[in-house]
Every structure is written in structure tokens, then in C-alpha cells.
Amino acid sequence: MKNVTIVIPVYKDWESLSVCLNSLKKYVKTRHKVLIVNDRGPNWEEMGHCIRQSIKGCHNFFYDVNIENMGFVKTCNRAVYELDQTDNDILLLNSDTKVTEGFLEEMLQVLYAQEKHGVVCPRSNHAMLLSMPVSHNTKKPLKDEVCYAVFEQMRDILPRYTVIPTGVGFSFLIKRSLIRKFGLFDEVYGRGYNEENDFCMRINQYGYSVIMANRAFVYHFEGRSFGTARKKLEMENRRILLSRYPFYDAMISRYFNHSMAPAEYFADLIAEQVYEKKRLLFSLYEMPASFNGTAQYGLSIVKYFYRLFSKRYDIHILINEMADELFGVSKSYPKVWYPHNIKGTFHLAFSPSQVFHIEHLFVLNRVSLKYVFCMQDIISLRSNYLLMEDYERYDVFRKSIQYCAAMTSISHFSLKDTMGYYAEEFADRDIRTKVIHHGLPKSRKKPEKAKLPFDDYFIVFGNFYKHKYLQETITYIKKLKEKFIVLGSEKTGKIAANIYGYQAGKLSDRFVSQLVQCAKAILFPSVYEGFGLPILDGIHYDKKVIVCDNELNRELKGEFDNFSENIYLYDSPEELKSVIKKVSREPGTVYKGGKKTVRTWYDAARELEEFLHGVMEEKTDIQVLNARWKDMRYLENVHRMYVEGKQTNKMGLVLRFKLYLYDHHPVIFLFLHHGKRMINFKFRNR
């Protein structure tokens, strides 16, 4: 193993230097040389006296004084070219540092791990891209001991070393052979700042890389020598650097946004001690700008979760602008983001609906260490006519399952249906799941007092989707004597002598409340649902409910056992006819035990919190995180190139690239081709 000469230029601040020297005496082996060079700063003589006293008896420590004040860059060059006549590698070390055990031997091993490793820098508490963690969401700088604690937790999670675009000069280990070949610092940088970046750019032109040693740590107390002059020095020297290497800023940006390992990117979240509260994001990205089951579930679970747990978690909300304009989420909660401006990262993101769009996965990948989503149903996959409206949805659903930390569902039926459809994905991983049924508000909405077409009627819930089985039901109930109001018909108006319809989507909550409260009972003929919301309406408004005999409705009949005698299952038109007659004779609801019990949204929120808390406490699966990051970043980069290419409206390379994807990677092509298109409006309002 090579020997090292540690060069420490000194200007002022004995307090910091004494800490540095004491740590070197403790943790640097005597085979290495320590060279302290006094650059004749303020009180340089007193500084020299203190240094000599400190290193007295340390035979591998050496001290020298410049003839005049030379500045940082010239001092480093003088030390390397004149004062140190060994063949040692060079570690340039700031005087405002403190080394830790094993740092130098680890840096040396990394330096010689590959021929083209030219410079090695350690992790630190304050050193730009070398900082641990490199980014965080706190308003104040992290304490030094917290940074080191994060380093200790991350050192075995991160790879031993990482190739980085440039180094930071506070602790800068260089192969002596590179100094002989390419020189050290360009003295145009004067007193310092950016000289190390210039050196890194220079040697990189010849294929030598700068390496970050993820298992070595050096404290940096940063900037005490230059004080307030730092900003001016940085600005002046930065102009020089960019004139030589105009790609420098873009290269740094690309590293942070694309090349950084996910464990590095989320280190502040993986490690403990950084945050007092877990950062939790509710992603309402998929919420439609109309009130339906998806919107009801999302708005309700956020509302009651926030009421119960806003002091326990740092809760943020992501929503699209159209839905926010309709529902006023940003007026109700303090930390609301839109997809284009969301900042920060989160321990966990929860989407109260399935993920329909690949762009949503891009956002979740970028901002959340873990994500959980709620699979409400997969009717849009089961029914081919719906799937063909947006075929890439199949793979978006698949990828959301593949990389999620856990998954919830609104019914056991929906969970079972999803697991059966995506059997391979669930076989590959033991995905944590939880069924959380809908809840009810504690109070009813005040109804309107509008004039209704009938005084004595059944209310029928549905829409034009085939699985709602509405048209078939209308055809049959035309023959009955009872009257019906259909909520969700194709148009508002008279359908038959005994049937009147209202188009859904534009009706006020109070009017819908009036329709339900004035109804004799509820008819819900849908043959496929993730959750039968009209059953909740029946409980809420004390109305009997007539529903199709299927697995879901049998489940809900058991789940809401107190109300079960008011839920009627039917399987054929003849059965429906007899049930309607029976309910017409006895419309009043009956509760087991004579007392009504209600499952509220508070119950649902508590169940969700318990589940999400468990997911956050689980150790992060780095393998899944790495696979997710790599896959999503690749797709996002290709997606961006495709969109940019499409905007230029040019043929050539862009067209060939698209054709190549179409032939060889059709799934990716579909993601890109339809990524910007919203899901069909009719589907969003099913």
C-alpha cells in the first residue's frame, strides 16, 4: 500500500486546526507524513508556536512557513513541488476538518481499486455532493453528530465507492503520478475555490475519474479561514471554471437528477435521527375533476386522516390543478403541491386510488422512498373494450404493483381479483396488503327541497358502462308498477312512464342527498364493483338496498352485519321483481340488536394509519428500490427524449428511435405514445 503526505495549508483559526491535528495524531499511521504549511495569516507567529507545541514528539509531522502570504493555491503547489520530496500520494486537507478512524486507509484502497481512479474524497457533514446526507428537507443545517450517525447507518447500504463528477477540496487524495503528468492547481485561482474542480475536469479529459469513498468520513467545519470573503472568491473563480468547462453545471445537475444511487438520494429518509416526524405524502394525482367513488374515497380518507394524525406526521398533499379547483384542497390544507412544482422527498407516499398514468409513477419514484397505493378495482382491465381505450394501463398497473412497498384495497374481493390477475407479480414478491373498507361521515348533508318527478320511488344508481348493468335493468323495470329515479342516466328527463333519469357529474351533493333521503329504497344493479357505495348510502340514510348477488356484495353483507337484514341479493330479473315487491311492502330498515352501528371514516383512517406506520417502520428493501429507480429513471429519460423529439417535429433520429421502440420494446413505446394523454373522461367518471 502506498504512503501518503497529508498537506495542510494554514492561514488562521487555531481552534479549528488544533481539532484537526489532534484527530490526525490519533487516526493516521506513522508511515504517513503530515506537512503543515503556515501561510503567514493574522497572528502567524503565534499560530506557528501553537503548531510546534502540538506536534512536538510526533516524528511524522512536519512544519514549514511561507516566506510571504501566498494564498491557498500557491501554498498547496509549493508544498507538493518543493517541500515534499517523497514519492508519496498527496492528501490535501483543510485546517477546518476532523478525521475519523480508518479514513485514510479506506481512501487509499479505493484510490487503487481501479487504474483510472484519479482522486478520492470522503463523505462529510458539510461538503456539497459529499455531504451525508447529500440533501434533506429540514429548514436548518443538520448537527454534525446527526450527519455522522447517518453515515454510520448508510455505510454498508451504499456501494463502497461512487464515481462522481467532481471532488471537494477539503479532503482531496490524489495519485502522485497524476500530479507529475498533469500538474496540480492552476494558480489563476489565487487564494482558492474551484481550483479542485478545475483539476478534476482536467484529469477527467484523459479518462481519470473522481471517486467518493462511501466508507470514509472527515468532518468539515467549512469556511472559517476565509469567512465572509468566500462568496466573492467563489464567484470570481467560478467564471474562470465555466469559461473552460461550460458543461460543468449541466454535468453536476445530471448527477443529482439522474446518476445518483437511490439509497444516496433517500439517505435522509432511510437513516434515523434526521426528522422528528415521518414525512407523509397523500397523492391525489389521479383524482378526477368530478365527484365519483374515486374522489369520495380520496377526499374522505385524507380529511379524517389529517384530523387524527396531523400532529404525528408531516403531511403533504399532491393533487392535479383541475381537481384542486373543484374541491378546494389547497384552501383546506397547508402543504399542497401540484405535479409540476412538488419539492422535497417523503418517507412514504400513499395514493388512495390505483395508478393510472406512467407520469404518476415517475413522480412517486422521484419523491418517495416508499409508496403504497389503493387498488379499487380492475374492471378497466377485465373488460377489453375499456382496456383498449388505454392499453398501456395494463403495464402501468403491473409496474405499480411490482415496485410498491405495500398495497391496500377497498374490499377483499378487489384484492383477490387483483392478485389473481397479476399472479406473477405477487408470486415474485411477498407484498404486504390490507383491506380498508369505506367509512361513513357522522352526519348527513342537509338535503335540498327541490321538486321531484315522483313522490314514491326507488332510486337506481348506475351509468352507461356495461358492468353497471343499467340499460338491461331499465328495460326490465319499465314493466313494473313501481316508480324509479335513475341517477346516472345518459340524459336528464323522462325515460318511461314510471322512470325518470338524472345525468350524474353535475348534480349538487345536497340534491343527491335529497334524492336518496326521499327514496323508498335503493337499487344498485351493477355486476362488478370494487366497493358498493350505495350500500353505504343505505346505511347512512336508513334505506334498504337491493344489489346483485356477487362476491363483493356478499362480503359487504357480512362486513356490515348490523345492517345485513336490509341488504337484498338477487341474481335474475324474476328475483329482482319479487325483492322489489317485498321491499315496497316493508321499506323500513331493521338493525340487529335493535341499535344501529356505523363504521365511520375515522375507523378507516385509523386502520390506514396503523398499516402505513407498519410499512414505514419496515426496513427498506434496497433491491426493490434500486430496481424501481433504474427502471423508472430509464423510462422517464426516454419519455422526455420522445416528447422533446415530438415537439421539434423532425424526422431522422427521433423517428428511427420511435420505430425501434415500436418494434423491440412495444410496452415502452405505448408508455411514451400515450403518456401525456389523460385517461378517457368516461372512464374517469365510471
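**Close-up views of a predicted model**

**Figure 1. The residues lining the second largest cavity divide into three nonpolar, five polar and one charged.** Here Ala, Val, Leu, Ile, Met, Phe, Trp, Tyr, Cys and Pro count as nonpolar, Asp, Glu, Lys and Arg as charged, and the others, Gly among them, as polar. The structure is a predicted model, in which local features need pLDDT of at least 70 and side-chain atom pairs count only at pLDDT 80 or more, while totals for chains, interfaces and linings use all residues. Residues are numbered from 1 along each chain as its sequence is written, and side-chain values use heavy atoms, with hydrogens and water left out. The lining consists of Ser283, Leu284, Glu286, Met287, Thr294, Gly298, Ser351, Pro352 and Ser353. Strand β10 (278–284) and helix α12 (293–309) each supply at least two of the lining residues (helices are DSSP runs of H or I with at least four residues, strands are runs of E with at least two, and both are numbered from the N terminus). The second largest cavity holds about 40 Å³ of space, and the whole structure has two cavities of 30 Å³ or more. A cavity is a set of points, on a 1 Å grid over the protein atoms alone, where a 1.4 Å probe fits but cannot get out; lining residues have an atom within 4 Å of a point. Grid points are joined across faces, edges and corners, and the volume is the space filled by probe spheres set on the points.

**Figure 2. Seven strands form an open sheet with parallel pairing, in the order β12-β11-β10-β13-β14-β15-β16.** Strands pair if DSSP finds at least two bridges between them. The edges are β12 (336–337) and β16 (432–435), and each pairs on one side only. Strand β15 (residues 406–409) runs parallel to β16 and pairs with it over four bridges. Within this pairing, Met407 has Thr433 of β16 as its bridge partner.

**Figure 3. An open sheet of seven strands has mixed pairing and the order β19-β20-β18-β17-β21-β22-β23.** β19 (493–496) and β23 (567–570) are the edge strands, each with a single partner strand, so one side of each has no neighbour in the sheet. From one strand to the next, the twist averages 25 degrees (axes are lines fitted to C-alpha atoms, for helices over the stretch in contact, and angles run from 0 to 180 degrees between N-to-C directions). Strands β18 (residues 484–487) and β20 (residues 499–502) pair in the parallel sense over four bridges. Val486 stands opposite Gly501 in β20. Helix α25 (residues 573–585) packs on this sheet and touches β17 (458–461), β18, β21 (521–524), β22 (544–548) and β23. The direction of α25 makes about 160 degrees with that of β23.

**Figure 4. Helices α19 (residues 412–421) and α24 (residues 551–559) cross at roughly 145 degrees, with axes that come within 8 Å.** His412, Phe413 and Lys416 of α19 make the contact with Glu551, Leu552 and Glu555 of α24 (contact means heavy atoms within 4.5 Å). These contact residues divide into two nonpolar, one polar and three charged.

**Figure 5. Arg78 forms a salt bridge with Asp64, and their closest N and O atoms are 3.1 Å apart.** Arg78 belongs to helix α3 (residues 72–83) and Asp64 to strand β3 (residues 61–65), so the pair ties together parts that are 14 residues apart in sequence. The whole structure has 33 salt bridges (a side-chain nitrogen of Lys or Arg within 4 Å of a carboxyl oxygen of Asp or Glu).

**Figure 6. A cis peptide bond joins Met132 and Pro133, with omega about -5 degrees.** Pro133 is in the loop between β6 (117–123) and α5 (144–154). Met128 is placed in the loop between β6 and α5, and Met128 has a positive phi of about 55 degrees although it is not a glycine. Most residues other than glycine have a negative phi, and most peptide bonds are trans.

Notes:
On a 1 Å grid over the protein atoms alone, a cavity is a set of points where a 1.4 Å probe fits but cannot get out, and a pocket is an open set with protein on both sides within 12 Å along at least five of seven lines; lining residues have an atom within 4 Å of a point.
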